[in-house]
Amino acid sequence: MFKSINLLFVLIISSISVFSQSTESNYLERGILYRYEKSGGLQIHTQGFGMHYRTGKHLTGYSKTTLEFDLVGMKHPKEVKSVSSLYVDAKSFVYGKLNTLTILRTGLGVQKIINSKGRGIKSAVEVRYFYFLGGSLGFAKPVYLYIVKGFTSNYKIITATEKYNPQIHYPENIFGRASFVNGIDEIKIHPGGYAKFGLSFDYAAYEEEVKSIEIGAILDAYPKSIPIMATKTNNNLFLTFYMSFNIGKRFNK
């Protein structure tokens with residue numbers, strides 16, 4: 001696994017080298033007006049959702065390199081949200097969940113045009129394929145729950161906020177999930193890498209705009225499994241399929 005991560009960083013460094021060697025003549029191959037691009041968007045994937053930011057530069061008239069940052073939540077595929085039927089006004093929780101996982105990705109990628117919309121054609125769609133490689137940091141934050149401790153004399157529930165412990169916490173004494181801020185100071189970081197592949201469909205009416213829809217697949221890989229669930233098998237590989245919606249601007253410095 002460590003050899004694979006090292007290979008990812010070698011590929012990233014190689015991409016940076018190519019990025020810096022782009023020339024004016026290559027850029028003007030298609031007569032492109034705008035060399036640089038910045039965009040952001042929202043992402044929905046098969047195990048959660050997130051957002052991303054990108055900044056890119058054209059290498060030639062038909063390809064560009066892009067630096068990206070992704071921030072996404074990652075659920076375990078066996079998570080099931082429930083609400084206790086034993087208590088009035090109980091809050092939802094996922095039984096057996098030890099940690100919430102948030103992933104920060106940073107990588108370099110290449111996008112290449114498959115079908116160009118052509119200059120001045122506002123109603124056309126430009127299709128690109130792309131791939132990204134980079135580093136992936138998994139932030140695992142412990143889950144805290146409201147645990148029922150008893151009842152007052154007028155039968156109001158007494159609860160305490162506790163970190164989930166599968167040895168002592170059961171559906172019968174769980175009132176619900178506590179605030180997300182609980183456990184932030186206990187976050188554990190899991191370094192790894194990722195690869196992303198997909199297609200982009202740019203439907204912007206004007207060349208200086210970025211308006212696109214993406215579909216693709218992402219593989220996050222870590223040296224060891226990340227403990228999301230106490231009652232299910234945890235993995236070190238996360239393969240997800242996603243769709244994202246992006247907006248931004250193209251410009252010249």
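Visitor: Contact means heavy atoms within 4.5 Å. Which residues is Ile-103 in contact with?

Guide: Leaving aside neighbours within four places in sequence, Ile-103 contacts Asp-70, Leu-71, Val-72, Met-74, Ser-136, Leu-137, Gly-138, Asp-220 and Tyr-222. This is a predicted model, where local features need pLDDT of at least 70 and side-chain atom pairs count only at pLDDT 80 or more, while totals for chains, interfaces and linings use all residues. Residues are numbered from 1 along each chain as its sequence is written, and side-chain values use heavy atoms, leaving out hydrogens and water.

Visitor: What does the chain average in pLDDT?

Guide: 88, and 85% of the residues score at least 70. pLDDT is the predictor's confidence per residue, from 0 to 100. Residues 1-31 are below 50, yet that stretch has 51 contacts in the model beyond near neighbours in sequence. Where pLDDT is low, coordinates should not be read in detail.

Visitor: Back to Ile-103. Which residues make up the largest nonpolar core?

Guide: There are 11, including Ile-103, Val-72, Met-74, Leu-101, Tyr-222 and Phe-238. A core joins buried Ala, Val, Leu, Ile, Met, Phe, Trp, Tyr and Cys through side-chain atoms within 4.5 Å. Strands β3 (63-74) and β6 (99-115) each give two or more residues to this core. Strands are DSSP E runs of at least two residues. Another core, apart from this one, has 6 residues, among them Val-143, Leu-145, Ile-147 and Tyr-164.

Visitor: Switching to Tyr-242. Why does it count as buried?

Guide: Because its relative accessibility is 5%; buried means under 20%, exposed over 50%, partly exposed in between (1.4 Å probe, protein chains only). Tyr-242 lies in strand β13 (residues 237-251).

Visitor: How far is Tyr-242 from Thr-46?

Guide: 6.4 Å, C-alpha to C-alpha, although they are 196 residues apart in sequence. Beyond four places in sequence, Tyr-242 contacts residues including Gln-43, Ile-44, His-45, Arg-54, Phe-130 and Glu-214.

Visitor: And Asp-202, buried or exposed?

Guide: Buried, with a relative accessible area of 1%. Asp-202 is in strand β11 (residues 188-202). Not counting residues up to four places away, Asp-202 touches Lys-117, Arg-128, Lys-211 and Arg-250, among others.

Visitor: How many aromatic pairs?

Guide: 5, with ring centres of Phe, Tyr or Trp (six-membered ring) within 6.5 Å; planes under 30 degrees apart are stacked, over 60 edge-to-face, the rest tilted. Tyr-87 and Phe-175 are tilted, at 6.2 Å and 50 degrees. Both are buried. Tyr-95 and Tyr-164 are edge-to-face, at 6.3 Å and 70 degrees.

Terms used
Helices (H or I, at least four residues) and strands (E, at least two) are DSSP runs, numbered from the N terminus.
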